[in-house]
Amino acid sequence: AKAQIGVTGLAVMGRNLARNLARHGHTVAVHNRSYGRTKELVEEFGHEGTFLPAETAEQFVASLERPRRVVIMVKAGKATDAVIDEFAPLLEEGDMIVDAGNAHFADTRRREAALKERGLHFVGTGVSGGEEGALHGPAIMPGGSKESYEALGPLLEDIAAKVDGEPCCAHVGPDGAGHFVKMVHNGIEYADMQLIAEAYDLLRQAGGHSPAEIAEVFRGWNSGRLGSYLIEITAEVLGHTDAATGQAFVDVVLDQAQQKGTGSWTVQTALDLGVPVSGIAEAVFARALSGGASVREAAAGLPGPTPSVVGGSLVEDVEQALFASKIVAYAQGFQQIQAASAEYGWDIDPGAMARIWRDGCIIRAKFLEHIRVAYDKAPELQSLLVDDYFLEAVGGAQEAWRRVVVTAAQQGIPAPGFATALAYYDGLRAKRLPAALIQGQRDFFGAHTYRRTDREGSFHVLWAGDRSEVEG
Ligand code: NDP
């Protein structure tokens, strides 16, 4: 018998995806550049289902039923191109190559266009949930043609996480749409993690609470509206004790955050699209700041207040600030998805994205259901912030949110995520922005012209002359 699907690239992610497929009763062809991993998979997990191990690309391709479905799960970048170059000549018209790695969506667009010319479907697919997700049910974001989704969707939906029986997998849109949405998912993940870290820092430094106490606070929050995977694991990490020293684990970890790149891709892309994803950008920059060991050392003597414990409603206030800032980060991310969808003609359904992120992925959270409802109600929603539920949540949180940002500033505790989210909120709701002054400045030094509030047209002031206004 032939395999319904094949996976090439059997490191942690590929191996677990292959096992997930096999556990669901599919016959899975498996292949890896070095045969060792393939052998290991079959030896260790062969009993879980039907695997067809292949030593060569030719054997792998020959073991697949048609149209062939080849899932690539290798290191993103050059490795993906190398694998495509190896397999594409062996495939026939109508066959599908699914790139489930973390590719940049522009690479996916390029690859899709090239393979289309050869009659092959290329399906750039976002997969989130890490190792465990790949095995037990990830969130899956496939791009590519509608036709390819017809042949591939049922298999992917089968192995995806489920919420009330609904799979966390949906066709996102053509060519690079799937990888784009996965990228923004990761950007939102950066923002969410940064906000949670700021909440912890405030509770620690301004609240005077121990990591174990803060773990309890997060546990409590996890059963409320903030309920999410990231809040849950935060409680676990904060509650963990280092075996070697007996200290709180968080106190023995070097405070320099690393990154693999999807966060900065999100921000770079947002800059190109002109979408203000300030929450995601601050999160990427905060990681970069933390990693700048030598500049931090040079600046360690800069004057500032020493944080002291403030009483009052800090814990409740921080919960409000966290929820409001989180809503802003998601609102920005969704706006970026909508902007890209318009730019590239992807026709992405934002409500469907919220639906498939409800489980399986790293940003799975209770409140995604509210995002789904908001977009299902109004697919053309200008911003999540103006949806009834979110408007009320943020409106109700704003006083506490402001108190938290003030406390952070007064105590000298960096809270760039909370502060930038609040500034975005105030910027959006402002009746007048100082952008008017910026237009004046631009007109002054560069004759860039401006528009008026009271008349159509564009205008310029003869700044160096008699300062009269002329049509621009
Ligand atoms: P790695 O990113 O560590 O990649 C290792 C795999 O790539 C091995 O199978 C390796 O083969 C193969 N490979 C590397 N270079 C080549 C090449 N030139 N030609 C052929 N094969 C090559 O594995 P992961 O499982 O961690 O991740 C796979 C993909 O999934 C990546 O794109 C990653 O970004 C993405 N991803 C990872 C997540 C995670 O939590 N780890 C979550 C979501 C997505 P060999 O054994 O022969 O060296």
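**Close-up views of the annotated and cysteine sites**

View 1. An unreviewed UniProt entry lists Lys182 and Glu189 for "active site". Lys182 and Glu189 are both included in the lining of the second largest pocket. The model shown here and in the other views is predicted.

**View 2. Surroundings of Lys182.** Lys182 is part of helix H8, which covers residues 177–205. With a relative accessible area of 5%, Lys182 counts as buried because this value is under 20%. Residues up to four places away in sequence aside, Lys182 touches Asn102, Gly126, Val127, Ser128 and Met141.

**View 3. Surroundings of Glu189.** Helix H8 also holds Glu189. The relative accessible area of Glu189 is 16%, under the 20% cut-off, so Glu189 is classed as buried. When neighbours within four places in sequence are left aside, Glu189 is in contact with Leu230, Ile362 and Ile363.

**View 4. Cysteines without a disulfide.** The structure holds zero disulfides. For Cys169, the nearest cysteine sulfur belongs to Cys168 and is 8.9 Å away; Cys169 is in no disulfide, because a disulfide requires sulfur atoms within 2.5 Å. Cys361 is likewise in no disulfide, and its nearest cysteine sulfur, again that of Cys168, is 7.2 Å away. Cys169 is buried, with a relative accessible area of 2%. Cys361 is buried too, and its relative accessible area is 0%.

How values were computed:
Residues are numbered from 1 along each chain as its sequence is written. This is a predicted model: local features need pLDDT of at least 70, side-chain atom pairs count only at pLDDT 80 or more; totals for chains, interfaces and linings use all residues. Side-chain values use heavy atoms; hydrogens and water are left out. UniProt positions are given in the numbering used here, feature names are shortened, and annotations may be inferred rather than shown by experiment. On a 1 Å grid over the protein atoms alone, a cavity is a set of points where a 1.4 Å probe fits but cannot get out, and a pocket is an open set with protein on both sides within 12 Å along at least five of seven lines; lining residues have an atom within 4 Å of a point. Helices (H or I, at least four residues) and strands (E, at least two) are DSSP runs, numbered from the N terminus. Buried means under 20% relative accessible area, exposed over 50%, partly exposed in between (1.4 Å probe, protein chains only). Contact means heavy atoms within 4.5 Å.
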